[in-house]
Amino acid sequence: MLVKTLALLFCLSPAGFAAADGAPLNPSPMAVRASDDFTQVAELVNPWVVNISTTQTVRQNLGSFWEDFYGFDPLNGGGTRTFKRQSLGSGFIYSSDGLILTNAHVVAGADKIEVRLVDGTEAQAQVVGEDDNVDLALLKISVGKSLPAAVLGDSGKVKVGQWAIAIGNPFGFDHSLTVGVISAKERTNIFTGEGASKYQNYLQTDASINHGNSGGPLCDITGEVIGMNTAISTPNDGSIGIGFAIPINFIKRSIPDLERAGRVVAPKLGFFTQDVDERLAGAMKLPVDNGVLVTDVATGGAADKAGLKRGDVLMKLNDQAVGNAAELRTRIYENDPASTMTLEVWREGRSLSLTVTPDQLKASENPGTWHGLKVVGNSAAEAAKRGLAVTDGVVVDSVTEASSAGRIGIKAGDVLMELNQKRIEGMDGWNRLTKSVDEGQDAVLLLVRDRQSAYIVVPAEQ
């Protein structure tokens, strides 16, 4: 019966077939209804889908003989060249006063952001908030009129197999609509490394998503937004039917932070973890072969106050099973920074329930800190003032005592030369490299103190 229904739905059309006597067949009612539904979605959604184009000034170092063969140029003879880079993306109108949602990677580093509405109206956009950790950006335009705002759905009710409709500007083709289904949910740790979002909980869809779709809406059959099209998995730089969207409930959680603080504010519990695999579960005699093992707890932090201990295995967060550290990290983020959470842990052969209230970060805190480190650029003048042995890298200006960096003994005045074996080129290099570190993974710093250098490991903190 299911095969017959699908055949009618996808194969029959008003003028598609004829009966044996040559008379046209009436279209399947299901086919007509599906066609009407998709048409209605397009009519509803198109007015609040926007085209986003950006211009970025790029300064490129020109390699020299010395740099190509030795990795440095004592004569600084390579020079640089400057050029403009343009890119396209999508977005959707969040509020009638001109707030627009898109991906952070669509507008990253842009000198100029232009938004074009469905009626051809163009406006220059300003960034209200942007955060690579969630790959979200909130923009603002002013066009002198009230705009149609998107209808936001509830991604918590999304089911695998339901219709998924993507609308955006792939390869610059404005307001293209593609149809598929939700093929999976809660995809975590899909993309890692530089540029990857640290908090991942993607919807997976086979609705065609290509370059330029990023930032556009993924809708259900009623036209409500259930996600933001963000990425594809592909071996050939094109769509192969595996696309990913940020769930709309995740976006709703982030919007107030972006609007108020210009960045997201994540709850901090203060503990360190590793994934539990089958071998570790067997050795520890755990009731399941997954979960998250607590390897250390920050003294005085929220988790410490709640009674979490090294060796505990986290099984559930707020009564939902947790499979790995990446999933736990995202689940923690999805909670309001001020909300109380319940942790179910396995300790010494029995299950315990702990209640933890996060250490809430204030919006006024410096967003440039990383693992509790606040750094400044190094220079000959800075080195002379502080009595440093080197003039490269960045200098630790202050350290939060209870942070992971503070716990391993990093001090003000230390010079950081490398992060994960990549040279730190001033503050720009520091900011770029710290963003590329997966928050759930350990990091390696090359540190110089009193003319002595050493590699140290900064442990990941939840």
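User: Is N318 buried, partly exposed or exposed?

Analyst: This is a predicted model, in which local features need pLDDT of at least 70 and side-chain atom pairs count only at pLDDT 80 or more, while totals for chains, interfaces and linings use all residues. Residues are numbered from 1 along each chain as its sequence is written, and side-chain values use heavy atoms, with hydrogens and water left out. Buried means under 20% relative accessible area, exposed over 50%, and partly exposed in between (1.4 Å probe, protein chains only). Because the relative accessibility of N318 is 28%, N318 counts as partly exposed.

User: Where is N318 found in the chain, and what is its phi?

Analyst: Helices (H or I, at least four residues) and strands (E, at least two) are DSSP runs, numbered from the N terminus. N318 is found in the loop between β16 (313-317) and β17 (320-321). Most residues other than glycine have a negative phi. N318, a residue other than glycine, has a positive phi, near 50 degrees.

User: Is H175 buried or exposed?

Analyst: H175 lies in the loop between β8 (163-168) and β9 (176-187), and although it is not a glycine, its phi is positive, at about 50 degrees. Its relative accessibility is 18%, so H175 counts as buried.

User: Which residues does N213 touch, not counting residues up to four places away in sequence?

Analyst: N213 is found in the loop between β10 and β11 (217-219), and because its relative accessibility is 2%, N213 counts as buried. Contact means heavy atoms within 4.5 Å. With residues up to four places away in sequence not counted, N213 touches S90, I167, G168, N169, P170, S208 and N229.

User: How many Å separate the C-alpha atoms of S87 and T54?

Analyst: S87 has its place in strand β2 (residues 80-93) and is partly exposed, with a relative accessible area of 33%. Leaving aside neighbours within four places in sequence, S87 is in contact with I52, S53, T54 and V106. S87 and T54 are 33 residues apart along the chain, and their C-alpha atoms are separated by 5.4 Å.

User: In what order do the six strands close into a barrel?

Analyst: Two strands pair if DSSP finds at least two bridges between them. In the barrel the pairing is antiparallel, and one of the pairs is strand β10 (residues 202-205) with strand β13 (residues 243-247), joined by three bridges. The six strands close in the order β8-β9-β10-β13-β12-β11.

User: Which residue in β13 is the bridge partner of L203?

Analyst: Strands β10 and β13 run antiparallel and are joined by three bridges. In β13, the bridge partner of L203 is A245.

User: What percentage of the residues of the chain count as buried?

Analyst: The chain contains eleven helices and 25 strands. Of its 462 residues, the part that counts as buried is 44%.
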